[in-house]
Amino acid sequence: MQSDYFSTASSTTESYTRTSKPSAGQLWETAHQLGFPAALWRLPNKRDKHLIVSFDEVLPRVSADLDELPAGFLISPFDNLASTAPTNMSSGATTGTSISTQSLFLRADLQASFSERAGKSDVSITANAPADTFRQALREQMTNKTPEKTPQTVTPLSDLEAQATYVRNVGLAVEAMQRGEFRKVVLSRTKQVQFADAPNAVALFDKLCTAYPTAFISAVSIPERGQIWVSATPERLVSVDAAGLFRTASLAGTQSAFEADGTPKRPAEAMWSQKEIEEQALVSRYIIECFKKIRLREYLEEGPKTVIAGNLMHLSTYFTVDTQAVRYPQLGTVMLRLLHPTSAVCGMPRDAAFNFISQYETHDREFYSGFLGPVNVSVDNEGAESDLFVHIRCMKLEGNKATLYAGAGLTEDSVPEREWVETEMKCQTLLQVLMNDK
Ligand SMILES: C=C(O[C@H]1C=CC=C(C(=O)O)[C@@H]1O)C(=O)O
């Protein structure tokens, strides 16, 4: 007999031994079977994995307000701009921020943590009707035998036409920048991959966790769209921890983390071109301008430093603010609205770059280059924290098909063919793990 996993009283947390606990895969499959959205994630440099299941078959569209939302997981599209509305800040400053209600929110109706160290998982569930349905379906899932794993065939489809279009559009962007229409734009492209069978998102998530310990790894299932988004992003957008420490970072400039002979490069010895230094400085400047808009001067800036992101290296500058010391508890929400989309995924000035992207990109970015992550989630009784990341190095799974997304930051010094190669390298972050079917 399986133990009773959930209490149907108010929200409870229970611990299980290794033999009786439901695995992330079993919880994920149960949610999938019942048509419930689910999000699985692992924070950078952490080992614990977390899962949320929402009992809303159609997810609510919400404003990304960290001060109002309950515990859950937020996923926002790139195109999240709304009409500008004046908002009064606690500091007394008045500024224009975008109030958009296009983020999808997975409320934590069920929350589970999987800790390798402690050898236990905690599962808690709120007491509303689908809880019983879920418990029943999970019991069945746990008694089912896992099917034998057969090697997966993964076929990237030809990109020749996409390459020609991309190179032409980069050329047009460079001309527009030389005419002074904007200073930076991030143009993206997609890459299609065909699988023999629908890939197992949880197995893929686990492989990404192992391959990229410093990335934010996630898998988000959105049944109403028939999509699962999987990513290994190196870019933090906004975090606010239980002690009120706010963090953001600027990330840009790209080169391979390996020498031509395959030996790893030492980050401290990485050489960066003027184009890349400027490209990253524009992202930092964008963040500082957001601080200026709300008249916040007490931020700590560290960098730029070379950081490793899987198969790539980037330049990154870190910004931190003690929201308690500056008496600005809503800083996370305010900065989120000001920052997105940063010039790491859109450009500078933002609106001109956004218009260029809308005019020339031939695909809908959907959730690529939006943001995602846990909101007001408490882990290990350490207090609630929010961790939102820029949704890059990601792909959309739809049955047997995956669409990978990658963009490159362009300035007037960009060479179109090199930018295409850069997007290919970015696609490799996920592709290498997909192709390595161990
Ligand atoms: C837009 C992407 O990366 C951004 C983050 C780091 C470096 C970037 C670059 O060098 O262009 C991009 O701004 C992407 O991976 O799709």
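Me: How do E23 and E24 pair, parallel or antiparallel, and over how many bridges?

Reply: Strands (E, at least two residues) are DSSP runs numbered from the N terminus, and two strands pair if DSSP finds at least two bridges between them. Here strand E23 (residues 394-398) pairs with E24 in the antiparallel sense, over five bridges. Leu 397 has Ala 402 in E24 as its bridge partner. The model is predicted: local features need pLDDT of at least 70, side-chain atom pairs count only at pLDDT 80 or more, and totals for chains, interfaces and linings use all residues. Residues are numbered from 1 along each chain as its sequence is written.

Me: What lies between E23 and E24 in their hairpin?

Reply: Two residues lie between the strands, and Gly 399 takes a positive phi near 60°.

Me: Over how many bridges do E12 and E24 pair?

Reply: E12 and E24 pair over 10 bridges, in the antiparallel sense. Gln 194 has Lys 401 in E24 as its bridge partner.

Me: Is E24 mostly covered or uncovered?

Reply: A residue is buried if 20 or more other C-beta atoms, placed from the backbone, lie within 10 Å of its own. In E24, eight of the 10 residues are buried.

Me: Which residues come nearest to the ligand?

Reply: A residue is near a molecule if its C-beta atom, placed from the backbone, lies within 6 Å of it. Of the 17 residues around the ligand, Thr 254, Ala 344, Ile 392, Gly 407 and Gly 409 come nearest. Strands E12 (184-195), E16 (245-256) and E24 (401-410) each give two or more residues to this shell.

How values were computed:
Helix = DSSP H or I, 4+ residues; strand = E, 2+ residues; numbered from the N terminus. Buried ≥ 20, exposed ≤ 12 C-beta atoms within 10 Å, placed from the backbone.
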